[in-house]
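Here is a short briefing to read beside the structure.

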Amino acid sequence: MGHGGRYILDSLKTGAVDKSCYTDADLTIGAKINVWGREVTICDMDEFTAHHYSSKFNVAKATPIHYKQTEAAKIEREIPPYNGWGSEEDSRANCLKLIAQAPKRDFIKFMKKDRQGLDSHVLRFFARLDTNRPIDMDRTFIISFFLSDDTISVFEPEKRNSGIVHGKFIERSKIKKPSGEYYQAEDIFVGAVVNFRSHQFIITDADEYALSYAEKHQD
């Protein structure tokens, strides 16, 4: 509307908006249409649509366009090597799922082998380092094997004037042998040589419960 309330004719239609829509004549196999700013290619049609185009436009059904990608070779998931932080089970769980979950425990075994009265279900051994270094030859350790979940912890008792910090030496966790298998109760006995996290120990003695357990489970 112009000045004075009069309408101005747009003979050149400069303000016209193209409102044309797609019709069935525009939709054929291979045609590219614009759908809300995205280019879409028509690849195939069903039998009813093919019959419609044959009867109305006398057009035979065109060869469908192959659009499905071939299945790529399955990529095996590679678990990175354990870096020593936390437990290996936790590190592995972080690689398997986007939201990390605690590794599942054998709850039945835990209930059977958890502490019950005087039965601690913990095998304790005394050990020393298998080394020729004079400063380490006199160091003693207590190795505890927990039957409830097959975890191992190593503790170094205090020795006055030794110059070595005592206390927890290896955090309680499952420990693998050099062969890659986890240590089990039958692998730790008096006289055995074990390798925990690159530290080689010689088992020198055991407490009464560990000896009694070994006698009852000789098989």
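**Aromatic core and salt bridges**

Phe196 has a relative accessibility of 0%, so this residue counts as buried. The model is predicted. Its mean pLDDT is 83, and 90% of the residues reach 70 or more.

**Aromatic contacts**

- The structure holds six aromatic pairs.
- In one of them, the ring centres of Phe169 and Phe201 lie 6.0 Å apart and the planes stand at 85°, so this pair is edge-to-face.
- Phe169 is partly exposed at 25% relative accessibility, whereas Phe201 is buried at 0%.
- Tyr183 and Phe196 also pair edge-to-face, with 5.1 Å from centre to centre and 85° between the planes.
- Tyr183 sits in the loop between E6 and E7 and Phe196 in strand E7, so the pair ties together parts 13 residues apart in sequence.
- Tyr183 is buried, with 6% relative accessibility.
- One aromatic cluster takes in Phe141, Phe169, Tyr183, Phe196 and Phe201.

**Strands E7 and E8**

- E7 has two faces: Val194 and Phe196 make up the covered one, Val193 and Asn195 the uncovered one.
- E7 pairs with strand E8 (residues 199-206) in the antiparallel sense, over four bridges.
- Val193 has Ile202 of E8 as its bridge partner.
- The hairpin of E7 and E8 has two residues between the strands, and Arg197 takes a positive phi near 50° there.

**Salt bridges**

- There are nine salt bridges in the structure.
- Arg139 bridges to Glu156, with 2.8 Å between the closest N and O atoms.
- Arg139 lies in the loop between helix H4 (134-137) and E4, and Glu156 in strand E5 (residues 151-156), so the contact ties together parts 17 residues apart in sequence.
- Both partners are buried: Arg139 at 14% relative accessibility, Glu156 at 6%.
- Arg133, Asp136, Arg139 and Glu156 are linked in a salt-bridge network.
- Lys177 and Asp187 form a salt bridge at 3.0 Å, N to O.
- Lys177 and Asp187 each lie in the loop between E6 and E7, 10 residues apart.
- Lys61 and Asp44 form another salt bridge, at 3.7 Å from N to O.
- Lys61 is in the loop between helix H1 (47-57) and helix H2 (88-96), and Asp44 is in the loop between strand E2 (38-41) and H1, so the pair ties together parts 17 residues apart in sequence.
- Lys61 is partly exposed at 38% relative accessible area, and Asp44 is partly exposed at 40%.

**Surface patch**

- Val35, Trp36 and Val40 form a nonpolar surface patch, with about 360 Å² of accessible area together.
- Val35 is part of strand E1 (residues 32-35).
- The relative accessible area of Val35 is 35%, so Val35 is partly exposed.

**Confidence by element**

- Strand E4 (residues 140-146) has the highest mean pLDDT among the elements, 94.
- Helix H3 (residues 107-113) has the lowest, 70.
- Where pLDDT is low, predicted coordinates should not be read in detail.

How values were computed
Residues numbered from 1 in each chain as written. Predicted model: local features only at pLDDT ≥ 70, side-chain atom pairs only at ≥ 80, totals over all residues. Heavy atoms only, no water. Patch = residues over 30% accessible without salt bridge, like charges linked within 9 Å, V, L, I, M, F, W, Y side chains within 5 Å. Areas by Shrake-Rupley, 256 points an atom, 1.4 Å probe, with all protein chains shown as cover. Salt bridge = Lys/Arg side-chain N within 4 Å of Asp/Glu carboxyl O. Buried < 20%, exposed > 50% of the residue type's maximum accessible area, 1.4 Å probe, protein only. pLDDT = per-residue confidence, 0-100. Pairing = 2+ DSSP bridges. Phe/Tyr/Trp six-rings, centres within 6.5 Å; stacked < 30°, edge-to-face > 60°.
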